[in-house]
Every structure is written in C-alpha cells, then in structure tokens.
Amino acid sequence: MGWGGFTSAELEWQYNPRETVPDFMTHFERFVKLSDETRAQMGGKIDVRFGDGPKETMDVFMASDPGAPVHVFFHGGYWRSQDKKDYAFVARDLVAAGFTVICPNYDLCPDVTVADITEEAVRAITYIYQHIEEFNGDRDRISISGHSAGGQIVARLATHDWAETLGDAMPFEAIVPIAGVFDLEPIRHTTINDDVRLDEASAADNSPMLDGVPLDARLMVVVGGNESPEFVRQSDAYGAYCGSAGLKVSVYKAWGANHFTVLEEVFLGTGSLFGTLKRFLLP
C-alpha cells in the first residue's frame, strides 16, 4: 500500500490530474489559444526580468489607469512543467475590470527544488512591490492567486517573513489558492516525485499545512467540484486549518469543474466564480 491506505495506482489517480482528466490536452490547447488572443488584444510588458534564474521573468498586463489593484497569478504544473505564457488568459477579464495582472514564471524541477521555487516567487513579489508604480499599480492593493502547484506557492508566500523582506508584514490584501496541494507528503509516493524529488523532510518543510498560518489575511480557497476526492480534501483541510487560527476563510467548490476548467470558472467573465473573485479582491 502507498500513502494513506491507497494503492500506488489509486494514489496516482488521486494526485495526478492527467490521470483524472483523460482529455487534459484539450484544456491546455484551449488555454494556449485564449492566452494568444489575450496577448494579441492587450499587448502587455512581456518577459520583465525579476531575478537571475533562466525563467525568472514575468508578463505584465496593465490597467489603463494608475493606482489600480494588482493581481499576481502563479501557474501550476506540479513545479515541473508549464509556462506563464499559456496562462495569460487569466488577465483578460480582470484587466477589463480595472486590475493590473502579473503572471510570473519560475524555474522548474528537477533543475531546482520546490524550496527554490518559493524563493523565486519571493523575488517576484519583491520586484512587483518595489516597481509597482511602473505597472499602474497600488502597493496597498496587491492580491495573489495560484493554481495547483501555484496554490502551494501562494500559500507559502502568505507566511513568508515580509516584514524582514519588505518592511510590510502582510503585503497581500487577499490570497486565492486554486486546486492547491497543501500537504506534499502524498506527492512523494507518486511518479510526480521522479522530477520533484521530495524526501520526508523537504515534503514537510514545503507543506503549507505544516506551516504557520498567514497573518491578518483574507483567503478564498477554490477547488473544482469534479476534482479527485484528495484534491477536494486538501482544499477543505487547508481552509479549516487557516480558519482555526481565526482567519476569515471562504472555501468554494466550482461545481462541474475539473482540475483544469476550474481556472475558467474563476478568471473568465462567463465563469461561475468570476463575480465572486472580483468582490473578494475588492471588498
């Protein structure tokens, strides 16, 4: 038996969305098409460098007016795949609603570790915070979201010592993990770990469920209603963990959405949670 009483095959199905969603490539193809259309329509500042790593660049889609709220989105791919350029579509309708939207990249496993990726994300946020006026942004209205592995990234960012890094204990107005992984121990027992290379200690060190909770933050946790039971459980557990410390946490199930279509439900204007997201980011 593998972790949690699952067989190896069961655990792979629970945690590898490419097993759960047989037509996953059609969703990636749609993301690419939507993102190409978004860049063609909106332009943007592409490949703005924020660090020295090969992939430490970001794409910025600016609000038309200065002093805009800024939303930062970290893509998923289990820390080992995917690229910001294929997720530009998350900016389309938020920019139309008056936001600046920024999509950072990060280097991928096995070239780096999961902990290295968190450090790169910290550098991305630091750069954004220090250059925010160049992006028509308001430093007091920064929010972050991330999908899948990106959910783990933003949960880790939420507990970083920002007072030390920026002199601002909590630079985020709102935090939105989407279909995230918050306890990394199960990943060690899947084929995903061939690239991610977690051991027991690093899985624990990088698990938001074993970390402190964010200070003075609002969280909107989202998961697809048609995701595997373990993905749903992880989101519920993380919401309860943060809520138990007194944080205001909302957990939403995007009914009918799988691990990939949940992004369309959250970020596209036609999605069931887009209005909820806007209200949450701008209370």
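Strands, like helices, are taken here as DSSP runs numbered from the N terminus, with at least two residues required for a strand. In the predicted model, strand β1 comprises residues 45-49 and contains D47. The phi angle of D47 is near 60°, a positive value in a residue that is not glycine. A further backbone feature is found at P110, where the peptide bond from C109 is cis, with omega near 10°. P110 is placed in the loop that runs between β4 (100-104) and α5 (114-130).

Helix packing was examined for α3 (residues 24-42) and α4 (residues 89-96), whose axes are 7 Å apart and form an angle of about 45°. On the α3 side the contact is made by F31, L34, S35, T38, Q41 and M42, and on the α4 side by F89, A91, R92 and V95. By class, the residues of this contact comprise six nonpolar, three polar and one charged.

The largest pocket has a volume of about 170 Å³. Its lining consists of 15 residues, and those nearest the centre of the pocket are R18, F28, G77, Y78 and F260. Eight of the lining residues are polar, five are nonpolar and two are charged.

An unreviewed UniProt entry annotates residues 59-192 as "domain: BD-FAE-like". In the model, this span is 29% helix and 25% strand, and the C-alpha atoms at its ends lie 27 Å apart.

Note on methods
Residues numbered from 1 in each chain as written. Predicted model: local features only at pLDDT ≥ 70, side-chain atom pairs only at ≥ 80, totals over all residues. Heavy atoms only, no water. 1 Å grid on protein atoms, 1.4 Å probe; cavity = no way out; pocket = protein on both sides within 12 Å on 5 of 7 lines; lining within 4 Å. Points joined across faces, edges and corners; volume = space filled by probe spheres on them. Nonpolar A, V, L, I, M, F, W, Y, C, P; charged D, E, K, R; others polar. UniProt positions renumbered as here; feature names shortened; annotations may be inferred. Helix = DSSP H or I, 4+ residues; strand = E, 2+ residues; numbered from the N terminus. Axes fitted to C-alpha atoms, helices over the stretch in contact; angles between N-to-C directions. Contact = heavy atoms within 4.5 Å.
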